[in-house]
Amino acid sequence: MRRFGRTLVTAALAVTVVGGTAGWASGESQSAVTGPPPGTAAWRADTAYGPLPDPATATPYEVARFFAGLDDAARTALVRTHPLVVGNLDGAPVPLRYEANRLAVVATGEARYASLAAPDRRILAFDPRGRGQVAEVFGDLEHAAHVSVIVPGSDNDATSHDARRAPHTGPAGMARALRTATETPLADGPVAGGSVAGGPVAAGPVAVIAWTGYTTPVGVGLDAADGRLAAAGALRLARFTAGLDAVGAPDPVLFCHSYGSVVCGLAARHTDAADIVALGSPGMRADTADDLRTGARVWAGRGPSDWIADVPNVSFAGIGHGADPTSAAFGARRVPAADVRGHAGYFTPGTQSLAAFAAIAKGEVR
């Protein structure tokens, strides 16, 4: 009974810290966007090219095989007729998805999305439902030797994905910073709990994807403290990574920030990720790295001034995300982060953390 009492006290403390002085009302409850993309009914009804793969049931590999059997004219016609479906169809050829999403963004007529249709943007997914979701590629995904995916936390959506904010923060800012860092040669030496592979490394080009592909919590309310949105996001992330595999992309490195690390923790066993990196994490809904049941190497880092350290690592009645991934007991490899400032500074140029991320992204760490 005494232990139960301590658990209640700890859970109450978690509520106080995560909720802040404004309590649970400081976060607006969100409805997760799930299921196939808009336009699916019209897609299913289209018989011009035989039975089309059902976005709700077809695997990304089945989608890839379907498009491989089409000629260029048929592919172009499907993009123009069903841009929202093709643009979000994991397993569809990458160039087709870029063009489909450009058309889908323009078709919304909404000024908040207009910049996503610029010629230099590579939008791999776009869903205008709810607050909007988007995945953007930085680099050449079709020819990349390595692929990284940024999985962001709360308060991110298609509008704020690349909004003006502190440099090197936000999904797109983090992705740009990582891509730039991977283009800088890394000296031999210890990095991130491992070591840089000795001698010259032919790392090859790196593509980085900013994946704002799930409904994130807003503020610090109940949504941020429970796993409902993370569970929905994990399904979408697992399918997204399967789509990368279906088009021949390398096994990705997942960089999971804040609540995004909860998403990655729940998706871990369902992805073919080579590495999973948790940064500024409130927990991954697992007691240890082994409990994630993944073949990926698991990494974790937290800066000394990151407020996430004040969130108790508990899990009670669905509230809280469990063990601290940076603790020795969790068993993750450590990412150096002693010079990181605040909760969003992990991708700041010149930091130990960004150097470590770049080494992991390029496969230069044993």
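A residue counts as buried when its relative accessible area is under 20%. By that cut-off, buried residues make up 52% of the 366 residues in this chain, which is a predicted model. The chain holds 11 helices and 10 strands. Among contacts between residues at least 6 apart in sequence, 68% join residues at least 24 apart.

**Confidence**
- The chain has a mean pLDDT of 89, and 88% of its residues reach 70 or more.
- Residues 1-25 have pLDDT below 50, and this stretch makes 24 contacts in the model beyond near neighbours in sequence.
- Residues 195-202 also stay under 50 in pLDDT; the model gives them 19 contacts beyond four places in sequence.

**Helix 11**
- Helix 11 spans residues 352-361 and is mostly covered, with eight of its 10 residues buried.
- Its buried residues are Ser 353, Leu 354, Ala 356, Phe 357, Ala 358, Ala 359, Ile 360 and Ala 361.

**Packing of helix 3 and helix 9**
- Helix 3 (residues 60-68) packs with helix 9 (residues 228-246) at an angle of about 40 degrees, and their axes lie 8 Å apart.
- Because of that angle, helix 3 is oblique to helix 9.
- On the helix 3 side, the contact is made by Pro 60, Tyr 61 and Ala 64; on the helix 9 side, by Arg 239, Ala 242, Gly 243, Asp 245 and Ala 246.
- Sorted by class, the residues in this contact of helix 3 with helix 9 are five nonpolar, one polar and two charged.

**Arg 179**
- Arg 179 lies in helix 7, which covers residues 170-182.
- Arg 179 counts as partly exposed because its relative accessibility is 23%, and the buried class is limited to values under 20%.
- Apart from neighbours within four places in sequence, Arg 179 contacts Phe 138, Gly 139, Val 206 and Val 208.
- Val 147 is 32 residues from Arg 179 along the chain, and the C-alpha atoms of these two residues are 9.9 Å apart.

Key
Residues are numbered from 1 along each chain as its sequence is written. This is a predicted model: local features need pLDDT of at least 70, side-chain atom pairs count only at pLDDT 80 or more; totals for chains, interfaces and linings use all residues. Side-chain values use heavy atoms; hydrogens and water are left out. Axes are lines fitted to C-alpha atoms, for helices over the stretch in contact, and angles run from 0 to 180 degrees between N-to-C directions. Helices (H or I, at least four residues) and strands (E, at least two) are DSSP runs, numbered from the N terminus. Angles under 35 degrees count as roughly parallel, over 145 as roughly antiparallel, 65 to 115 as roughly perpendicular and the rest as oblique. Contact means heavy atoms within 4.5 Å. Ala, Val, Leu, Ile, Met, Phe, Trp, Tyr, Cys and Pro count as nonpolar, Asp, Glu, Lys and Arg as charged, and the others, Gly among them, as polar. pLDDT is the predictor's confidence in each residue, from 0 to 100. Buried means under 20% relative accessible area, exposed over 50%, partly exposed in between (1.4 Å probe, protein chains only).
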